[in-house]
Amino acid sequence: MGEARRIVVKVGSSSLTTASGGLDADRVDALVDVLAKVRSGGEREIVLVSSGAIAAGLAPLGLRRRPKDLARQQAAASVGQGLLVARYTASFARYGVRVGQVLLTSDDMSRRSHHRNASRTLDKLLAMGAFPIVNENDTVATDEIRFGDNDRLAALVAHLVHADLLVLLSDVDGVYDGDPARPGTSRIGEVRAPADLADVEIGSSGKAGVGTGGMVTKVEAARIAAAAGVPVVLTSAIHAADALTGQDTGTFFHPTGKRSADRLLWLQHASTPQGALTLDDGAVQAVVDRRKSLLPAGIAAVEGEFNAGDPVELRDRTGHAVARGLVNFDAKEIPRLLGRSTRELARELGPAYEREVVHRDDLVVLHP
């Protein structure tokens, strides 16, 4: 932990704002003090994934609590994002550090060209000495604002920037073997495999009520990062300095897997399928066991409304999702392709149809 050169830090809304909404300048400054000190020697790089946009926009819009309807959530995010970045900009300016804002959606990261651009931007910001602050683009990301969370975003960003460590900060100082508020519970210091938490009841919400996450989303994010080869520390914001200097704090998740292609990790964990393709048995075997592309001949049925480039689920005949990929055709084009060879389609419809429905480079197998 103490020797990690490139680190992704995620901080939740409850660690930056008051319970009623609105940024807490002292809390922001305290976090920035820690982050600026850690990177001051020039040997360590940090990317901050910060929640707080919606929470910061509540008070200025006269909202007493986080709204449930999408339109007001997006309005709060629109107001709050500017306030959040302005606060970080002013706070980092005390150390002569410039801030760069990066807003992402899952769509940005699962499409090849968008993914490449995001990776280049973050790398260039770090190379030029700026401090990247990443957030979900809540004002336009309708699915993400309902179901997404910045914990998962942080895990995927950690993989994107090839981080040596992911630090998840919240209002709880680790994973406990029961309700932390009850006597007799204790903090779990290390997690070496998902099975270590099999009998642990994980809480679903935080204390403050201004964010969407909770311990469930943090543990899931830690599992995603660990499975992708990135070690994780989960602790409270007040222990950020200890986590970043290798002290014994929070819960440490050991890496459980190896790094894979960045974009495929996003495709698996952050994309929202817009439809589904049912495969015959031979196509399932080709896609899952032999890691081949999906050809029209192996498709038995199509459902949903999607466009070329959208993520779709690939299912077996029982309806079980076996893979996810980016489709090369619109939904309305696929019915006339079903069960036919690419050579036959090229003769009848032209050379544009002599290609895969989902290329293997845009496909990830879903493990049970």
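Let me start with R315 and E303, whose side chains meet in a salt bridge at 3.4 Å, N to O; the term is used here for a side-chain nitrogen of Lys or Arg within 4 Å of a carboxyl oxygen of Asp or Glu. R315 sits in strand β11 (residues 311-315) and E303 in strand β10 (residues 299-304), so the pair ties together parts that are 12 residues apart in sequence. Helices (H or I, at least four residues) and strands (E, at least two) are DSSP runs, numbered from the N terminus. R315 counts as partly exposed, at 21% relative accessibility, and E303 is partly exposed with a relative accessible area of 44%. For these classes, buried means under 20% relative accessible area, exposed means over 50%, and partly exposed lies in between, with a 1.4 Å probe and protein chains only.

A word on the source. This is a predicted model, in which local features need pLDDT of at least 70 and side-chain atom pairs count only at pLDDT 80 or more, while totals for chains, interfaces and linings use all residues. Residues are numbered from 1 along each chain as its sequence is written, and side-chain values use heavy atoms, with hydrogens and water left out.

Back to the salt bridges; the count by this rule comes to 15. One of them joins R27 to D24, with the closest N and O atoms 3.8 Å apart. R27 is partly exposed at a relative accessible area of 39%, and D24 is partly exposed at 21%. Another links E344 with R340, at 3.1 Å between the closest N and O atoms. Here E344 is partly exposed, at 31% relative accessibility, whereas R340 counts as buried, at 16%. There is also a network of salt bridges, linking R5, R6, E45 and D123.

Next, helix α3. Is F92, in this helix, buried or exposed? F92 lies in helix α3 and counts as buried, at 0% relative accessibility. Leaving aside residues up to four places away in sequence, F92 touches V32, L35, V97, V99, F131 and I133; contact means heavy atoms within 4.5 Å. From F92 to D330 the distance is 46 Å, C-alpha to C-alpha, and the two are 238 residues apart in sequence.

Helix α3 (residues 70-93) also holds V79, which is partly exposed at 31% relative accessibility. Together with L61 and L83, V79 makes a nonpolar surface patch of about 210 Å². Patches are made of residues with over 30% relative accessible area and no salt bridge, joining like charges within 9 Å and nonpolar side chains (Val, Leu, Ile, Met, Phe, Trp, Tyr) within 5 Å.

Now the whole chain. The protein chain has 12 helices and 13 strands, and its C-alpha trace spans about 70 × 40 × 40 Å along the principal axes. Of its 368 residues, 52% are buried. Among contacts between residues at least 6 apart in sequence, 72% join residues at least 24 apart.

Last, confidence. The protein chain averages a pLDDT of 87, and 90% of the residues score at least 70; pLDDT is the predictor's confidence in each residue, from 0 to 100. Where is confidence lowest, and where highest? The lowest is helix α6 (residues 142-147), at a mean of 46, and the highest is strand β1 (residues 6-11), at 97. Over residues 205-212 the pLDDT is below 50, and this stretch has 23 contacts in the model beyond near neighbours in sequence.

Notes. Areas by Shrake-Rupley, 256 points an atom, 1.4 Å probe, with all protein chains shown as cover.
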